[in-house]
Amino acid sequence: MEITYASSSLPDLATSASAMSRTPATSRPVKVIPLQHPYGAADSTPTSSSSTASFSRWTAKVKRMKTVDWIDLLIPCSRWIRTYNWRQNLQPDVIAGITVGIMLVPQSMSYAKLAGLQPIYGLYTGLVPVFVYSIFGSSRQLAVGPVALVSLLVSNVLGNVDSSTELYTELAILLSLMVGILECTMGLLRLGWLIRFISHSVISGFTTASAFVIALSQAKYFLGYDVDKSSKIIPLIDSIISGADQFSWPPFVMGSFILAIILAMKHLGKTRKNLRFLRAGGPLTAVVLGTAFVKIFHPSSITLVGDIPQGLPPFSIPKDFSHVKSLIPTSFLITGVAILESVGIAKALAAKNGYELDSNQELFGLGVANICGSMFSAYPSTGSFSRSAVNHESGAKTGLSGIIMGIIMACALQFMTPLFEFIPQCALAAIVISAVIGLVDYDEAIFLWKVDKKDFFLWSITGATTLFLGIEIGVLVGVGFSLAFVIHESANPHIAVLGRLPGTTVYRNIQQYPEAYTYNGIVIVRIDSPIYFANTSYIKDRLREYEIVADQSSKRGPEVERIYFVILEMAPVTYVDSSAVQSVKELCQEYNSRDIQIAIANPNKEVLLTLAKSGFIDQIGKEWCFVRVHDAVQVCLQHVPNPNNPPKIPDSSPDKSFRFLERLGTRRKEDLSASELESGERDSIISKDSDPHLEPLLSRKSH
């Protein structure tokens, strides 16, 4: 066995202590890894900030980009076009495109009715945006077009306008332009991260409540009489009940029968792989059955879609911008839904298919699709969860499947619109209801109840306010509570008292590891967050509490009755602002007035530089900055006074520190041995005649 004793990295401290000590057995050098300070006598303060460094890296990356890289950035479809494998990818792409295209035609008409528009505008929304997204979108499986949730938002914001007027249609198209501009702007400025402040539980509660509102809004096509248009559940239910005397059973029976067929086909398509095609064939089956029934029996009590213009949409640019101000909140809301739902789906599909996806590029692609769509009479579109899932399950490999969808939609507009006028309204309502049933996320509620009651509260409060107070208020309340929780967690960070795990030099939270022990006279605190103006008061209050309230862990070392050292473990602290530095300096002055020394351990470069510039490092002394918590503990243990003759805490200046070490050396025999302080094996004072065993800091076997 070879035993190695490392020399101290603080020469003045080690030399003074060794020179003053008359009994070598009672003291030994302690290995302390020197901390590299961001400033010094021979070093100059760095002039480049982190933002400057980031900008330099960005400019260097731009300079390295070739022509091909620029093309891939501006037109993402070029990535899969260049490497397209015709033998392996063409067949699955064509099959997937045809499958989802057949599904898209009836869904587009259904969602247009939900938005309060004529069915033809749903078909327009499923045409141009699909083509444009295939070129500018980076996802190869995402199916873009009209969706139920966005259609409900459009219907809600335009609720005060008569849906039969031309103004209603113009505002819906204008909303598409505004959403597209906002999405493109956020994508170009790389601001997609802003939406991360809305938690998934808020979105889940919102979509679940919206599913009930959407389903009830389609009840009029099942019941055979008009129901008041509203985004709140109470007026909808009240209107349904008050008009019950006008109930007509033929549309109810037909709608229920078609809905049952769609749900059965969807269930079989999900549970059995060999019947997967049934999942996409549900909407088409509903349209075919409903149209055939009407053509054969000509029922007078069932309302039909009516005349649909034939041909492709004309080019036109929205001209009336007088209502832009009133549409801004909804455009932000639709953009948020697009980021959270579409980008989330696209990322999941990209991970499953083995390629990377840039959220900001995806957001830009959706924005361009909406801008171009608004020029061809389309209302806001985004990625559909159900159609994207079918597209992926059908084997789509590239964006060619989206182009096939657009071709099918163009063929439907050019040749098949005369057949669409015989589609029953209750069949389109059944398609909408079958789609929104999947939005009811009760599994998420059960999961949140088991895992996190706070997130369950967010889910519940968002769902309840959406149902009873409306969509906008529901989202605002959910986002407000979500941000409130974020601010509360940030302003009240987790702070842990650390103790040493027996037999190691590792320090962990004493509440998580009850076997960890602490040292009398020393408290080790870890702050698990950045320190900034919002949480400085909380952190100062907690640090003051640790002086008074003793922890429940086992204690080692000299039996002193108060705290002499506070060690701050700063590894989790990624940032310190000016307000925090000022507060810490004030706390340091308070500690000095009570003979308490602050030591810091393991600060990162940016934090250490900020503390150095503010003068905090000079205030506590460079010798009280350490790389490891264990180093700080060992040095502090050598300065914890003997209860029979307690000294003053050393000043950070060199001359006062030297005088303190002189006093420390004269009573070395009466103090604890360094080895016993480190190992914590004794709690009593060693007598003058004792001969303690010296424990090495580093020991290893020779090979």
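1. A pocket, as the word is used here, is an open set of grid points with protein on both sides within 12 Å along at least five of seven lines. The model is predicted. In this model the second largest pocket has a volume of about 720 Å³. Lining it are 21 residues, and those closest to its centre are Lys-61, Met-65, Leu-73, Arg-190 and Asp-358.

2. Which elements give two or more residues to the lining of the second largest pocket? They are α2 (50-64), α3 (67-74), α9 (166-188) and α16 (359-374). Helix α3 supplies the largest share, five residues. Sorted by class, this lining holds nine nonpolar, four polar and eight charged residues.

3. On the α9 side the contact includes Ile-173, Ser-176, Leu-177, Glu-183 and Leu-188, and on the α16 side it includes Asn-360, Leu-363, Phe-364, Val-368 and Ser-374. By class, twelve nonpolar, seven polar and one charged residues make up the contact of α9 with α16.

4. The largest pocket has a volume of about 1,200 Å³. Its lining consists of 46 residues, and nearest the centre lie Phe-385, Ser-386, Ala-435, Gly-438 and Leu-439. Which helix gives the most to this lining? Helix α15 (residues 324-353) does, with six residues. The lining of the largest pocket divides into 23 nonpolar, 15 polar and eight charged residues.

5. Ser-386, one of the residues nearest the centre of the largest pocket, also takes part in a helix contact, that of α17 with α5. The axes of α5 (residues 86-114) and α17 (residues 385-393) come within 9 Å and cross at roughly 165 degrees. The two helices are therefore roughly antiparallel.

6. Which residues of α5 and α17 meet? From α5 they are Ala-96, Thr-99, Val-100, Met-103, Leu-104, Gln-107 and Tyr-111, and from α17 they are Ser-386, Arg-387, Val-390 and Asn-391. The contact of α5 with α17 has six nonpolar, four polar and one charged residues by class.

7. Helices α10 (residues 200-217) and α12 (residues 233-242) make a further pair. Their axes come within 10 Å and cross at roughly 25 degrees. Are the two helices roughly parallel or antiparallel? Angles under 35 degrees count as roughly parallel, so α10 is roughly parallel to α12. The crossing of α10 with α12 is left-handed.

8. Val-213, Leu-216 and Ser-217 of α10 make the contact with Ile-233, Leu-236, Ile-237 and Ile-240 of α12. By class, the contact of α10 with α12 has six nonpolar residues, one polar residue and no charged residues.

Key. Residues numbered from 1 in each chain as written. Predicted model: local features only at pLDDT ≥ 70, side-chain atom pairs only at ≥ 80, totals over all residues. Heavy atoms only, no water. Axes fitted to C-alpha atoms, helices over the stretch in contact; angles between N-to-C directions. Helix = DSSP H or I, 4+ residues; strand = E, 2+ residues; numbered from the N terminus. Parallel < 35°, antiparallel > 145°, perpendicular 65-115°, else oblique. Contact = heavy atoms within 4.5 Å. Nonpolar A, V, L, I, M, F, W, Y, C, P; charged D, E, K, R; others polar. 1 Å grid on protein atoms, 1.4 Å probe; cavity = no way out; pocket = protein on both sides within 12 Å on 5 of 7 lines; lining within 4 Å. Points joined across faces, edges and corners; volume = space filled by probe spheres on them. Left-handed = near helix turned anticlockwise from the far one by under 90°.
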